[in-house]
Amino acid sequence: MLSDEDKSKSLVLKSGEELFFAPSSAVEARLKKSGYENDLAIQSTNHSDLTAGVYEGGFKVWEGAIDLCNYLDSSVQAEEIAEKSVLELGCGAGLPGIYAAKKNAKFVSFQDFNQSVLDCFTRTNVQLNSVNLERCRFVAGDWVDCLESFEGQKYDLVLTAETIYSEASFTKLHDIIDRTLGDDGIVLIAAKLYYFGVGGSVPAFMDFVKRQGRLNVKDVWTSDTAVPRKILKLTRIR
Ligand SMILES: C[S@@+](CC[C@H](N)C(=O)[O-])C[C@H]1O[C@@H](n2cnc3c(N)ncnc32)[C@H](O)[C@@H]1O
């Protein structure tokens with residue numbers, strides 16, 4: 001059940017479509033109510049810094065998620081989403097997955113490193129956008145530990161934003177994409193061109209994907225900003 005505290009903030013897409021998400025005060029209240037006071041992810045962070053292997057940034061809406069929502073809204077055909085199975089990896093707020101659910105995706109799986117993010121932020125946002133929880137699945141954990149949860153399930157559309165900031169995670173991210181992507185599936189990855197100080201970057205990730213030899217990767221969108229942001233599209237090599 002949503003309470004008054006969950007009164008939402010919103011992201012207005014370029015088309016005027018609005019997506020709602022809970023403000024941090026509501027997330028804090030929900031974390032307390034749900035008994036997460038002692039959760040390491042909460043203790044070790046002010047919710048905007050990352051602590052590798054403990055909290056990976058899911059309590060904030062990052063620029064890449066906004067770019068990915070706008071890209072879905074402006075450049076992806078309705079029939080590429082409607083009735084499709086959708087997975088959002090490293091979802092945090094889950095706005096791209098929520099957008100897909102609102103555009104009649106068959107179902108959406110939301111995956112995040114932290115259970116507390118899924119329970120107290122993603123799930124709330126799904127409800128704030130009037131998406132039926134029965135069409136959603138929530139999977140928590142490190143990408144290497146999540147593979148079993150997706151056993152036997154292949155997705156038509158895999159979405160992920162701001163998840164290539166660390167080269168140390170490239171193998172895990174590539175492997176979970178490779179294991180979950182359907183034969184004709186599409187992956188869209190939103191990211192900054194370079195993550196200064198943490199090592200990840202779009203060129204390094206594209207090189208990595210090409211070296212694995214399993215997925216095609218191309219750059220389909222670039223922001224008009226001082227620090228460029230990109231959207232990459234991946235498909236299976238046939
Ligand atoms: C910077 S946040 C981005 C959140 C959201 N996609 C956005 O753009 O607003 C990075 C996300 O990647 C996920 N993540 C990073 N490393 C991960 C790992 N090793 N296993 C699972 N998830 C991971 C976390 O779930 C986290 O929410």
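**Packing and burial in a predicted model**

Trainee: Leaving aside its neighbours within four places in sequence, with which residues is A82 in contact?

Mentor: In this predicted model, contact requires heavy atoms within 4.5 Å. Once neighbours within four places in sequence are set aside, the residues in contact with A82 are K103, N104 and A105.

Trainee: Where does A82 lie, and does A82 count as buried, partly exposed or exposed?

Mentor: A82 is in the loop between α3 (63-75) and β3 (85-89). Buried means under 20% relative accessible area and exposed means over 50%. The relative accessibility of A82 is 27%, so A82 counts as partly exposed.

Trainee: What distance separates the C-alpha atoms of A82 and A100?

Mentor: A100 is one of the buried residues of α4. Along the chain, A82 and A100 are 18 residues apart, and the separation of their C-alpha atoms is 7.8 Å.

Trainee: How many of the eight residues of helix α4 are buried?

Mentor: Helix α4 covers residues 95-102. Its buried residues are L95, P96, G97, I98, Y99, A100 and A101.

Trainee: Which residue with a positive phi follows α4?

Mentor: N104 is one of the residues in contact with A82. The phi of the residue that follows α4 is near 70°, and that residue is N104.

Trainee: Is S109 buried or exposed?

Mentor: S109 belongs to strand β4 (residues 107-112). Not counting residues up to four places away in sequence, S109 touches V86, L87, E88, R137, F150 and Y155. Its relative accessibility is 0%, so S109 counts as buried.

Trainee: Are α1 and α5 oblique or roughly perpendicular to each other?

Mentor: Helix α1 (residues 24-33) packs with helix α5 (residues 115-128) at an angle of about 130°, and their axes are 10 Å apart. Because of that angle, α1 is classed relative to α5 as oblique.

Trainee: What classes of residue form the contact of α1 with α5?

Mentor: The crossing of α1 past α5 is right-handed. From α1 the contact draws on V27, R30 and L31, and from α5 on S116, D119, C120, F121 and T124. By class, these residues are four nonpolar, two polar and two charged.

Trainee: At what angle do helix α7 and helix α8 pack, and how are they oriented to each other?

Mentor: Helix α7 comprises residues 170-180 and helix α8 residues 202-212, with their axes 11 Å apart. The packing angle is about 55°. The two helices, α7 and α8, are therefore oblique.

Trainee: How many charged residues has the contact of α7 with α8?

Mentor: α7 passes α8 in a right-handed crossing. F170, T171, L173 and H174 of α7 meet A204, F205, F208, V209 and Q212 of α8. By class, six are nonpolar and three are polar, and the number of charged residues is none.

Trainee: What radius of gyration does the chain have, and why does it agree with a compact globule?

Mentor: The chain contains eight helices and nine strands, and its C-alpha atoms fill a box of roughly 50 × 40 × 40 Å along the principal axes. Of its 238 residues, 53% count as buried. A compact globule with 238 residues would have a radius near 18 Å, which agrees with the value for the chain, 17 Å.

Note on methods: Residues are numbered from 1 along each chain as its sequence is written. This is a predicted model: local features need pLDDT of at least 70, side-chain atom pairs count only at pLDDT 80 or more; totals for chains, interfaces and linings use all residues. Side-chain values use heavy atoms; hydrogens and water are left out. Axes are lines fitted to C-alpha atoms, for helices over the stretch in contact, and angles run from 0 to 180 degrees between N-to-C directions. Helices (H or I, at least four residues) and strands (E, at least two) are DSSP runs, numbered from the N terminus. Angles under 35 degrees count as roughly parallel, over 145 as roughly antiparallel, 65 to 115 as roughly perpendicular and the rest as oblique. A crossing is left-handed if the near helix is turned anticlockwise from the far one by less than a right angle, and right-handed if clockwise. Ala, Val, Leu, Ile, Met, Phe, Trp, Tyr, Cys and Pro count as nonpolar, Asp, Glu, Lys and Arg as charged, and the others, Gly among them, as polar. The radius of gyration is taken over C-alpha atoms; the globule rule is 2.2 Å times the number of residues to the power 0.38. Buried means under 20% relative accessible area, exposed over 50%, partly exposed in between (1.4 Å probe, protein chains only).
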